[in-house]
Amino acid sequence: MTRRSSGNIPAVLAFLIAFAWPTMTVAADGKPAKPPQESKPAEKDPFEVPDGTIDELQKYIEGLSRIHPSSSLRQAVVDLHEKRAAAQVNACEKILAAKPTPEQAQAAVRMKIAALLVLDRLGDKTAQARLEATADQVEKLGLKEMLREVQFAALESRRDRAGTMDDEEYGKFVERLKLFLSGGEIDAASANLAVNVALAAEQSNRPSLAIRAYRELGKILADQGNQNFTGTAATMIGAARRLELVGKPFVLEGSTVTGKPLDWKKYRGNIVLIDFFATWCKPCRDEVPNVLRCYKAYHKRGFDVISVSIDRDRKAIEDFVEKEKRPWIVLLDRNEARGTDKSMATYYGTFTIPQMILIGKDGKVLSLNARGKLLSEKLAELIGPAEEEKEKKGSEMAKKGK
């Protein structure tokens with residue numbers, strides 16, 4: 001028989017059971033039910049930018065740095081950086097809209113730029129456009145002294161993508177960079193940006209773009225007349241010269257570590273590998289076993305090697321030569337000549353090492369990147385198979401004959 005509900009219970013008793021005595025309620029299984037938990041007020045989203053005074057907004061931005069990710073998982077960390085940067089941009093916009101003092105406005109612009117750069121690195125497709133729009137914003141705010149700072153940030157944010165831009169986009173980017181460099185005083189960061197943008201074209205195997213960028217950006221640096229960047233400018237122009245070398249005569253000057261001058265003419269008639277390196281360069285050291293194998297296999301048949309050290313520490317290269325005892329000569333690129341055409345590293349624009357240039361018997365350049373397997377393949381093509389390869393083929397032929 002089914003028991004009926006509280007229709008027969010006196011009204012006062014029903015009230016007391018329902019409200020005054022909540023612990024007397026029962027669950028569906030007949031056991032006493034747990035008392036209901038008091039509801040907590042919803043926590044405020046820490047990334048929701050509040051309204052407030054400029055001081056309050058500045059304190060809010062400071063507080064953003066004290067928010068930690070919910071876990072150490074990469075996605076949680078990325079999400080935090082993204083939310084924090086977005087909130088910082090919004091807070092800065094509120095500061096800039098609140099009639100700040102020039103000092104407050106400058107601080108807000110710099111914090112906004114920093115946050116937009118974070119968003120750009122995280123893949124926010126709107127960050128670049130907002131960075132560029134900030135240049136117009138600082139002009140409207142009367143902060144013309146910050147204009148180059150903002151323009152540089154917009155250019156710098158695209159530096160890492162220079163190597164993946166198509167040719168047209170890359171060309172337009174270089175033109176913008178040229179306008180920026182020509183429009184005011186150049187600092188170390190701007191000069192470094194110029195080098196990296198040109199280098200990106202070289203490393204993405206687009207020599208014609210790289211030659212133009214090295215030459216034109218290098219000339220702007222040189223025309224500044226700033227002694228701090230004379231060497232950088234000369235090396236950029238040298239890099240353009242190097243990239244045009246294939247098929248042209250190679251000129252080499254210098255002295256060995258012991259002070260003996262190089263007689264470049266005596267190498268004519270041989271195939272020569274010019275190896276720009278430094279003792280502190282791990283990729284340079286990693287390449288040595290391969291060069292040694294090629295030297296042993298082909299030296300008697302007309303192959304030679306000349307290493308050019310770009311070390312600034314003379315003692316380091318002297319100790320290195322004494323310890324390594326390489327079977328070929330090592331030239332010391334003179335420190336006092338660095339930044340001038342008397343330095344081979346400057347003259348040929350060696351921004352990266354090892355830089356390994358292969359010279360033919362006629363003294364003309366055959367390859368600008370004769371490293372690894374490419375070196376042995378090129379020597380086999382020019383001189384013939386190495387002795388061990390000839391023996392291997394002879395053995396295979398003999399086996400087939402049987």
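**Notebook: sheet, disulfide and a buried arginine**

I began with the sheet, which is open and has six strands in the order S1-S4-S3-S2-S5-S6, with mixed pairing. Its edges are strand S1 (255-256) and strand S6 (365-367), each of which pairs on one side only. I note at the outset that this is a predicted model, and I read every entry below with that in mind.

Next I looked up the pairing of S3 with S4. Strand S3 (residues 303-309) and strand S4 (residues 329-332) run parallel, and four bridges join them. For one residue I also recorded the partner: isoleucine 306 has isoleucine 329 in S4 as its bridge partner.

I then asked which strands helix H14 lies across. Helix H14, residues 372-383, lies across strand S2 (271-277), S3, strand S5 (355-359) and S6. Relative to S2, I noted that H14 runs at about 165°.

Turning to the cysteines, I asked how many disulfides the structure holds. I found one, and this disulfide joins cysteine 281 to cysteine 284, with an S to S distance of 2.4 Å. This falls inside the cut-off, because a pair of cysteine sulfur atoms counts as a disulfide when they are within 2.5 Å. About the S-S bond I recorded 80°, and the link of cysteine 281 and cysteine 284 is right-handed.

Cysteine 281 is buried because its relative accessible area is 4%, and cysteine 284 is buried because its value is 6%. Cysteine 92 has a relative accessible area of 0% and so is buried, while cysteine 294, at 4%, is likewise buried.

My last entry concerns arginine 242, which lies in helix H10 (residues 230-243). Is arginine 242 buried or exposed? Its relative accessibility is 2%, so arginine 242 counts as buried. I then followed its side chain, which reaches the backbone oxygen of glycine 349 at 2.9 Å. Leaving aside residues up to four places away in sequence, I listed what arginine 242 touches: Glu202, Tyr348, Gly349, Gln355, Ile357 and Leu368.

Key
Residues are numbered from 1 along each chain as its sequence is written. This is a predicted model: local features need pLDDT of at least 70, side-chain atom pairs count only at pLDDT 80 or more; totals for chains, interfaces and linings use all residues. Side-chain values use heavy atoms; hydrogens and water are left out. Two strands pair if DSSP finds at least two bridges between them. Helices (H or I, at least four residues) and strands (E, at least two) are DSSP runs, numbered from the N terminus. Contact means heavy atoms within 4.5 Å. Axes are lines fitted to C-alpha atoms, for helices over the stretch in contact, and angles run from 0 to 180 degrees between N-to-C directions. Buried means under 20% relative accessible area, exposed over 50%, partly exposed in between (1.4 Å probe, protein chains only). A polar contact is a pair of N or O atoms within 3.5 Å; within protein, one must be able to donate a hydrogen and the other to accept it, and residues adjacent in sequence count only if both atoms are side-chain atoms.
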